[in-house]
Amino acid sequence: SVYTYFSAVAGQDGEVDAEELQRCLTQSGINGTYSPFSLETCRIMIAMLDRDHTGKMGFNAFKELWAALNAWKENFMTVDQDGSGTVEHHELRQAIGLMGYRLSPQTLTTIVKRYSKNGRIFFDDYVACCVKLRALTDFFKKRDHLQQGSADFIYDDFLQGTMAI
């Protein structure tokens with residue numbers, strides 16, 4: 001069924017761009033009762049898995065995204081303890097911990113400020129946050145050769161890696 005959703009919007013090139021991904025995810029109903037994904041969130045989802053830098057996503061990347069979205073949705077529903085359809089600061093801390101990230105309180109506060117509306121993070125913004133965390137962590141890990149939590153970057157490399165997401 002994942003292929004059915006993908007193939008319904010993929011062009012003849014067998015790939016989807018951000019607008020096609022947005023249509024595909026909306027039609028699939030993967031967002032459940034939450035608002036459909038914004039075009040910006042779809043763009044960064046593609047960027048997270050765009051290994052050939054085409055701005056599009058093939059079926060294998062789509063399958064990887066589908067699995068990640070389902071995991072993030074399950075995580076979101078688990079930590080949304082009051083069933084409000086949003087997560088608050090303390091719930092986000094729990095969600096990020098469940099994903100295996102260890103962030104300082106200052107970093108968590110920065111994330112909440114970036115992704116919340118009136119202190120609440122909606123599912124679309126939660127997914128955008130998860131995408132950024134994953135992509136930036138992957139970018140950093142590739143450069144942390146000794147796996148000690150530090151890496152050297154040249155400015156251009158840093159910009160290319162972070163602006164692509």
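Biologist: What joins the side chains of R143 and D157?
Modeller: In this predicted model, the side chains of R143 and D157 are joined by a polar contact of 2.8 Å.

Biologist: And which residues is R143 in contact with, if we leave aside its neighbours within four places in sequence?
Modeller: With those neighbours set aside, R143 is in contact with A151 and F153 as well as with D157.

Biologist: Which helix does R143 lie in, and is R143 buried, partly exposed or exposed?
Modeller: R143 belongs to helix α7, which covers residues 123-143, and because its relative accessibility is 22%, R143 counts as partly exposed.

Biologist: What separation do you get between the C-alpha atoms of R143 and R51?
Modeller: The C-alpha atoms of R143 and R51 are separated by 16 Å, and the two residues are 92 residues apart along the chain.

Biologist: Changing topic to helices α3 and α4, at what angle do their axes cross?
Modeller: The axes of α3, residues 39-49, and α4, residues 59-79, cross at roughly 120° and come within 10 Å. That angle is why α3 counts as oblique to α4.

Biologist: Is that crossing of α3 and α4 left-handed or right-handed?
Modeller: The crossing of α3 and α4 is right-handed.

Biologist: Which residues meet there, and how do they split by class?
Modeller: From α3, the residues M45, M48 and L49 meet A61, E64, L65, L69 and W72 of α4. By class, this contact of α3 with α4 has 7 nonpolar residues and 1 charged residue, with no polar ones.

Methods. Residues are numbered from 1 along each chain as its sequence is written. This is a predicted model: local features need pLDDT of at least 70, side-chain atom pairs count only at pLDDT 80 or more; totals for chains, interfaces and linings use all residues. Side-chain values use heavy atoms; hydrogens and water are left out. Axes are lines fitted to C-alpha atoms, for helices over the stretch in contact, and angles run from 0 to 180 degrees between N-to-C directions. Helices (H or I, at least four residues) and strands (E, at least two) are DSSP runs, numbered from the N terminus. Angles under 35 degrees count as roughly parallel, over 145 as roughly antiparallel, 65 to 115 as roughly perpendicular and the rest as oblique. A crossing is left-handed if the near helix is turned anticlockwise from the far one by less than a right angle, and right-handed if clockwise. Contact means heavy atoms within 4.5 Å. Ala, Val, Leu, Ile, Met, Phe, Trp, Tyr, Cys and Pro count as nonpolar, Asp, Glu, Lys and Arg as charged, and the others, Gly among them, as polar. Buried means under 20% relative accessible area, exposed over 50%, partly exposed in between (1.4 Å probe, protein chains only). A polar contact is a pair of N or O atoms within 3.5 Å; within protein, one must be able to donate a hydrogen and the other to accept it, and residues adjacent in sequence count only if both atoms are side-chain atoms.
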